[in-house]
Amino acid sequence: MLATGDERFKEKMDLDMQVSKLKVLKQSYLSEHYALEDRILQHFPKEIKELEQLISAYESDAPLLEQHKPTGEDKFCPMTLQGVTYTEKADAGKMLLAICKDYPMTQPKEIGSYRGFTVEIYYDTVNAHYCLNLCGKAKHKVNLGEDALGNLTRIENELAKIPAKLDAAKTRRTEILSQLENAKEELAKPFAFEQELKEKTERLNALNIELNLDKKDPAVLDAEPEETGDLPEKKPADRVR
């Protein structure tokens, strides 16, 4: 095509490449656009709702720690197990182990209460150990071991995390709300090269039309008969010998 010397062919080739690149950029923009829409309409609202539920639960559970504080030399709060209240830390720890061994089931079972929380136990078959749930408005999981006093320490450590869990959930909610607003702002932005793509596509289309109109096969043109007013010459018949 370039051999013809027509500069439009070179312009067409350049525009073909430029328009292709711009279309790839727009496709990338649209993919990100759809992903943002999905996050705005589904992901962010779902996570915000879950965080608000957690915050509400932690805010309800945190005061229980103040209402039922450990006392005495052992810093222990009375624990009720299977209807019996244990005031001695060692006794409560031993009884907890005994109950676990008698209940090798994977479904949580309520066995008592501690510091205002309902206590459940179950056996974790995947990790092969017993677990304890401290159930308030939220569930606080504790992995149990073979040491009676050690298990009570683990319980106290888990309860002590509740204020930090509350703060972390509030911080995360603030972050998600900020991300949501940023996503909305980003979604409102148009494709940066939309006008350029439009103009170059229009010019390319125009060139294609021009060049297609200009393309005629010279052989076809030569084969077309010239129209004249003369009748065709009549050839003489062959002589019979």
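**Helix packing and loops**

Guide: In this predicted model, the axes of helix H1 (residues 7-67) and helix H4 (residues 162-187) come within 8 Å and cross at roughly 160°, where axes are lines fitted to C-alpha atoms, for helices over the stretch in contact, and angles run from 0 to 180 degrees between N-to-C directions. Helices (H or I, at least four residues) and strands (E, at least two) are DSSP runs, numbered from the N terminus.

Visitor: Before going on, what are the ground rules for the numbers?

Guide: Residues are numbered from 1 along each chain as its sequence is written, and side-chain values use heavy atoms, with hydrogens and water left out. Since this is a predicted model, local features need pLDDT of at least 70 and side-chain atom pairs count only at pLDDT 80 or more, while totals for chains, interfaces and linings use all residues.

Visitor: Okay, so how are H1 and H4 oriented to each other?

Guide: H1 and H4 are roughly antiparallel, a label for angles over 145 degrees.

Visitor: And what kinds of residues make up that contact?

Guide: The contact of H1 with H4 divides into 18 nonpolar, two polar and 12 charged residues, where Ala, Val, Leu, Ile, Met, Phe, Trp, Tyr, Cys and Pro count as nonpolar, Asp, Glu, Lys and Arg as charged, and the others, Gly among them, as polar.

Visitor: How do H3 and H4 cross?

Guide: The axes of helix H3 (residues 148-160) and H4 come within 5 Å, crossing at roughly 35°. Glu158, Leu159 and Ala160 of H3 make the contact with Ile162, Pro163 and Lys165 of H4, contact meaning heavy atoms within 4.5 Å.

Visitor: Buried or exposed?

Guide: Arg115 counts as buried because its relative accessibility is 9%; buried means under 20% relative accessible area, exposed over 50%, and partly exposed in between (1.4 Å probe, protein chains only).

Visitor: What about Lys75?

Guide: Lys75 also has a positive phi, about 50°, without being a glycine, and its place is in the loop between H1 and S1. Lys75 counts as exposed, because its relative accessibility is 56%.

Visitor: Where is Asp74, then?

Guide: Asp74 is found in the loop between H1 and strand S1 (79-81), and it counts as partly exposed because its relative accessibility is 43%.

Notes. Angles under 35 degrees count as roughly parallel, over 145 as roughly antiparallel, 65 to 115 as roughly perpendicular and the rest as oblique.
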